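Please keep the sequence and the 3D view open while reading.

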Amino acid sequence: MQAKKRYLILLSAGASLILLFCFGGIQVPLSRRGPGRRDDHSLTGYHPGAPWRRLQGYLKVFSTWEKDHDFHEDISPRQKRDSNSGLFTGRRCRMESCFNFSLCERNGFKVYVYPQQKGEKLSESYQNILSSIEGSRFHTPDPAKACLFVLSLDTLDRDQLSPQYVHNLKAKIQSLPLWNEGRNHIIFNLYSGTWPDYTEDLGFDIGFAMLAKASISTENFRPNFDVSVPLFSKDHPRTGGERGFLKHNTIPPYRKYMLVFKGKRYLTGIGSDTRNALYHVHNSEDVVLLTTCKHGKDWQKHKDVRCDKDNVEYDKYDYREMLYNSTFCLVPRGRRLGSFRFLEALQIPSTVRSIHQDKILSLRQQTQFLWEAYFNSLEKIVLTTLEIIQDRVLLHASRSSLMWNSLPGGLFTLPQYSTNLGDFPFYYAKLGTKPYPKFTAIIHMVTPLVSQSQPVMKLLVAVAKSQYCAQVIVLWNSDKPLPAKHRWPVTSAPISVIEGESKVINSRFLPYNTIPTDAVLSLDEDTVLSTTEVDFAFTVWQSFPDRIVGYPARSHFWDSNKERWGYTSKWTNDYSMVLTGAAIYHKYYHYLYTTYLPASLRTMVDQMSNCEDILMNFLVSSVTKLPPVKVTQKKQYKETMMGQSSRASRWADPDHFAQRQTCMNKFANWFGTMPLIHSQMRMDPVLFKDQVSILRKKYRDIERL
């Protein structure tokens with residue numbers, strides 16, 4: 001009998017383990033292109049004669065169960081059918097039958113949040129959900145432009161015994177003029193039903209609305225219509241979120257405990273059988289499954305013979321220490337199907353003894369990626385939900401499973417830019433390709449062209465002479481008229497001059513269609529670089545196509561006295577930013593800068609005519625979780641730049657520096673964290689400064705300058 005129990009427990013545990021790995025991406029062909037994207041094969045990823053080594057891909061999608069275990073053993077099938085049939089009228093809803101796509105055709109995927117009604121109270125968690133939507137690029141204040149609608153009535157907690165429960169919700173929702181039986185609405189919910197059976201009844205008919213719900217059963221989940229979200233606590237951070245605990249890989253990957261759990265044990269009612277049986281597997285050594293009977297006010301009335309012993313054992317172990325030192329974390333169901341342990345366990349990836357250690361490392365890395373990409377803040381949970389729905393609405397421009405399941409994740413790979421993986425800077429290694437082997441230089445000009453001896457003229461010639469230069473674009477942001485064509489130098493690479501949109505500084509980062517290459521060399525008009533320096537920087541960038549690679553470096557620090565972030569331009573032993581006055585990066589970041597970042601930050605930059613380079617560094621480091629790459633340069637670059645008349649006042653102006661301090665903290669506040677990462681690495685040419693003949697050095701001019 002005991003053996004049978006153990007087998008049943010192991011089967012139940014195995015079922016719980018599967019929950020950690022069931023993250024299937026949205027399946028679309030990897031080669032499909034979005035509308036209006038270029039078809040020139042040479043510009044979607046350069047295929048060299050010897051392709052790069054293919055790295056291991058993302059985790060394969062795990063199969064889902066055909067049927068879930070039935071935990072409602074005390075309810076008859078007929079009772080279950082009767083109770084479920086009253087949940088909502090749109091039980092058979094799918095996108096094609098219950099969603100009005102015509103609302104999305106004119107303005108794209110825009111989301112409208114109902115204005116809060118007078119006297120209606122919102123929980124902090126629901127207020128954070130609404131704030132995340134209103135601060136996103138999806139939000140519109142105009143319901144006539146909306147594709148999706150979100151209630152301002154708090155629907156998170158539909159447990160009638162909860163103080164957060166909103167009464168008379170049915171009547172309030174039915175009175176909304178835009179409700180339309182719930183079509184094109186999404187309802188967020190964490191808790192439904194109440195003691196003792198905890199059904200999934202929300203207390204009102206959701207009609208044809210979609211559910212973004214935690215603890216939803218497969219019986220009630222409508223595939224490709226509802227969205228299953230993790231159960232999160234009220235303390236879950238709204239923005240930012242902690243990084244995962246995985247700092248480095250350990251070989252072998254096994255930890256102190258093989259399997260752990262620590263939580264409440266329900267003595268009666270639904271969910272009690274699962275946790276009551278965990279003690280059969282607990283061995284106090286490498287399998288530590290701890291439960292306490294202390295739950296509710298009258299727990300002592302129901303205590304069994306194991307409660308006192310379990311409570312003592314429970315108090316011996318520190319919860320976080322167990323998580324950090326476990327190879328695997330069990331996620332058994334509680335009263336409801338969901339559990340906070342799902343999010344907690346994502347920080348500590350899991351395995352079992354039968355899985356090979358290589359697979360353990362792969363799973364550990366993947367669960368950390370999933371945590372950081374989608375779950376470590378409430379904002380990411382909400383935005384992921386909206387992105388999933390957008391992919392369903394705009395099926396022709398939806399993400400592939402690779403985009404969802406590999407770095408940097410679906411929130412940073414926008415299919416409106418392209419659905420072709422080769423157009424992004426993140427997938428060259430996986431595709432066995434390289435970036436297009438040339439760059440487009442964009443020189444930002446604000447000073448009138450009055451002399452052929454201006455530094456910008458020398459810069460134009462030096463850049464155009466590079467063997468990797470495809471073209472030079474002069475972005476004319478001066479208030480003076482464009483110079484005549486004959487005023488520009490004759491170069492081997494074509495030069496085109498375009499006027500900046502509204503003459504604002506952010507126009508240097510617009511996604512211009514005239515950029516045919518993957519790489520962009522961003523330059524200020526007073527930058528002083530030689531052709532050799534340009535060539536070397538580009539060859540370095542080809543090895544780091546997802547990062548900013550360049551010359552002038554800056555750093556950030558935490559000022560403990562002022563309790564804020566600081567900005568420094570001092571030459572130190574590390575850096576965290578490479579300024580875009582002389583830097584190379586992938587052109588996708590122009591699109592991401594323009595469409596992903598909020599208008600409030602971009603407006604702030606335009607009003608100050610400052611900090612656009614800092615904001616770009618924040619964005620790229622937030623996407624890659626990596627620092628920029630500094631390359632070697634002639635030391636007089638800094639002094640030469642500061643000595644030019646065109647922008648000397650800007651760099652010497654103390655207000656300019658103070659503005660940059662302000663920008664650092666404004667940007668960190670929006671990102672919810674400090675994404676910048678320090679680095680002590682500088683890329684020098686091989687044989688740089690070595691005691692060998694200068695003729696043996698490929699980039700010999702760098703040492704002569």
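1. Some terms come before the residues: a residue is called buried under 20% relative accessible area and exposed over 50%, and partly exposed in between. Glutamate 499 has a relative accessible area of 47%, so this residue counts as partly exposed. Note also that this is a predicted model.

2. Glutamate 499 has a charged partner. Its side chain meets that of lysine 503 in a salt bridge, with 2.8 Å from N to O. Lysine 503 is also partly exposed, at 29% relative accessibility.

3. Glutamate 387 is buried, with a relative accessible area of 1%, whereas arginine 137 is partly exposed at 22%. The two residues also belong to a network of salt bridges that links Arg137, Glu387, Asp391 and Arg399.

4. The other salt bridge is between aspartate 613 and arginine 660, with the closest N and O atoms 3.0 Å apart. Helix α19 (residues 612–624) holds aspartate 613 and helix α22 holds arginine 660, so this pair ties together parts that are 47 residues apart in sequence. Both ends count as buried: aspartate 613 has 5% relative accessibility and arginine 660 has 1%.

5. A disulfide is a covalent bond between the sulfur atoms of two cysteines. Here cysteine 611 is joined to cysteine 663, with 2.0 Å from S to S. The link is right-handed, with 85° about the S-S bond. Cysteine 611 is in the loop between α18 (599–608) and α19, and cysteine 663 is in helix α22, so the bond ties together parts that are 52 residues apart in sequence. Cysteine 611 is buried at 0% relative accessible area, and cysteine 663 is buried at 0% as well.

6. How many disulfides does the structure hold? There are four. Counting the bonded cysteines along the chain, their pattern is 1-2, 3-4, 5-6, 7-8. Among them is the pair of cysteine 93 and cysteine 98, whose sulfur atoms are 2.0 Å apart; this link is left-handed, with -85° about the S-S bond. Cysteine 93 and cysteine 98 are both buried.

7. Another disulfide joins cysteine 104 to cysteine 147, at 1.9 Å from S to S. With 60° about the S-S bond, this link is right-handed. Cysteine 104 lies in helix α4 (residues 102–105) and cysteine 147 in the loop between α5 and β2, so the pair ties together parts that are 43 residues apart in sequence. Both of these cysteines are buried.

8. The last point concerns a sheet. Three strands form an open sheet in the order β16-β15-β17, with antiparallel pairing. Its edge strands, β16 (564–568) and β17 (577–578), each pair on one side only. Helix α22 (residues 654–671) packs on this sheet and touches β15, β16 and β17; its direction makes about 135° with that of β16. Strand β15 (residues 553–559) pairs with β17 over two bridges, and alanine 553 stands opposite valine 578 in β17.

Definitions and conventions:
Residues numbered from 1 in each chain as written. Predicted model: local features only at pLDDT ≥ 70, side-chain atom pairs only at ≥ 80, totals over all residues. Heavy atoms only, no water. Pairing = 2+ DSSP bridges. Helix = DSSP H or I, 4+ residues; strand = E, 2+ residues; numbered from the N terminus. Contact = heavy atoms within 4.5 Å. Axes fitted to C-alpha atoms, helices over the stretch in contact; angles between N-to-C directions. Buried < 20%, exposed > 50% of the residue type's maximum accessible area, 1.4 Å probe, protein only. Salt bridge = Lys/Arg side-chain N within 4 Å of Asp/Glu carboxyl O. Disulfide = S-S within 2.5 Å.
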